[in-house]
Amino acid sequence: MTIGCVPQINSAPRLHVAKPASKECSPSEPSGYESLTLSETSSHGEVDVAQKASQRQLDVIAKHVVEKVSSELLALPAAGLMFHGSSARFDSVECRPNQRVNADESVKWSGSAIFAAMDPRVALHYTADRPSGFGAGIDLIQPTAPNQPLAFYLHGGENLDEALTALYGNPADPESCMGYIHLLDKTSFVTEPGLGTMEMVTRDPSANLGRLSLNRREAIDDLVQSGDVVLRWKP
């Protein structure tokens with residue numbers, strides 16, 4: 001699991017909170033997290049269904065763009081893109097040293113590259129800030145299909161709303177909710193041994209096609225309402 005951050009969502013009658021017992025948690029789902037989701041079921045469809053789901057999720061995110069962007073960029077199909085998310089406090093898409101490690105802390109990948117995800121929801125997760133005492137994780141190892149709910153693991157604070165606000169901004173202060181998602185040319189990316197199944201890398205800066213400036217908090221709220229994102233929280 002890698003570490004990132006996440007925003008608060010407004011309560012709605014469609015949402016429910018569940019507390020799964022620790023014994024029932026799978027290895028890919030850490031114990032101790034409360035769940036905020038519409039359903040614990042997920043649909044399984046053909047490739048075209050998954051592609052349509054990914055496009056729909058990108059369209060939802062694009063609804064919350066807060067700065068003018070070219071119509072050409074917005075018209076790019078999700079199937080040909082990779083996605084890189086960043087906080088407004090640290091916006092950078094460049095080759096940087098990084099590592100991927102196993103549970104025993106042994107290094108399985110090391111190098112300099114631009115990382116991006118095939119799923120726009122993963123990029124949205126990485127728009128989180130990094131306040132002390134709060135954090136968020138996402139599983140890049142176990143693949144989640146676009147037509148399945150993607151879990152954001154949040155921790156810190158007294159409740160989920162406090163963690164969301166710390167990580168993704170206060171809905172009453174739109175400026176604090178600003179985040180960026182960069183759209184990159186998928187043909188420039190490769191997978192390498194040791195990387196997660198939901199991420200790829202490039203070393204070509206020209207792969208960056210443009211940036212969406214968005215209200216990340218509202219985008220997450222919408223994806224939770226649609227069942228595309230599941231928020232799991234623990235103190």
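Modeller: Before we start, exposed means over 50% relative accessible area. And keep in mind that this is a predicted model.

Colleague: Got it. Is Pro-143 buried or exposed, then?

Modeller: Pro-143 has a relative accessible area of 58%, and because the cut-off is over 50%, Pro-143 counts as exposed.

Colleague: Where is Pro-143 found?

Modeller: In the loop between strand S7 (135-138) and strand S8 (150-155).

Colleague: And what does Pro-143 touch, leaving out residues up to four places away in sequence?

Modeller: Thr-197 and Met-198. Gly-196 is 53 residues from Pro-143 in sequence, yet their C-alpha atoms are 8.4 Å apart in space.

Colleague: Back to the strands. In which sense do S7 and S8 pair?

Modeller: Antiparallel, over 3 bridges. Gly-137 stands opposite Tyr-153 in S8.

Colleague: How many bridges join S8 to strand S12?

Modeller: 6, and S8 and S12 (residues 229-234) run parallel. Across that pairing, Phe-152 stands opposite Leu-231 in S12.

Colleague: How many of the residues of S8 are buried?

Modeller: 5 of 6, so S8 is mostly covered.

Colleague: Are Trp-109 and Phe-115 buried or exposed?

Modeller: Trp-109 and Phe-115 are both buried.

Colleague: Last one: what lies over the face of Tyr-180?

Modeller: Arg-211, at 3.8 Å from the ring centre.

Key: Residues are numbered from 1 along each chain as its sequence is written. This is a predicted model: local features need pLDDT of at least 70, side-chain atom pairs count only at pLDDT 80 or more; totals for chains, interfaces and linings use all residues. Side-chain values use heavy atoms; hydrogens and water are left out. Buried means under 20% relative accessible area, exposed over 50%, partly exposed in between (1.4 Å probe, protein chains only). A charge sits over a ring if NZ of Lys or CZ of Arg is within 6 Å of the ring centre and within 35 degrees of the ring normal. Helices (H or I, at least four residues) and strands (E, at least two) are DSSP runs, numbered from the N terminus. Contact means heavy atoms within 4.5 Å. Two strands pair if DSSP finds at least two bridges between them.
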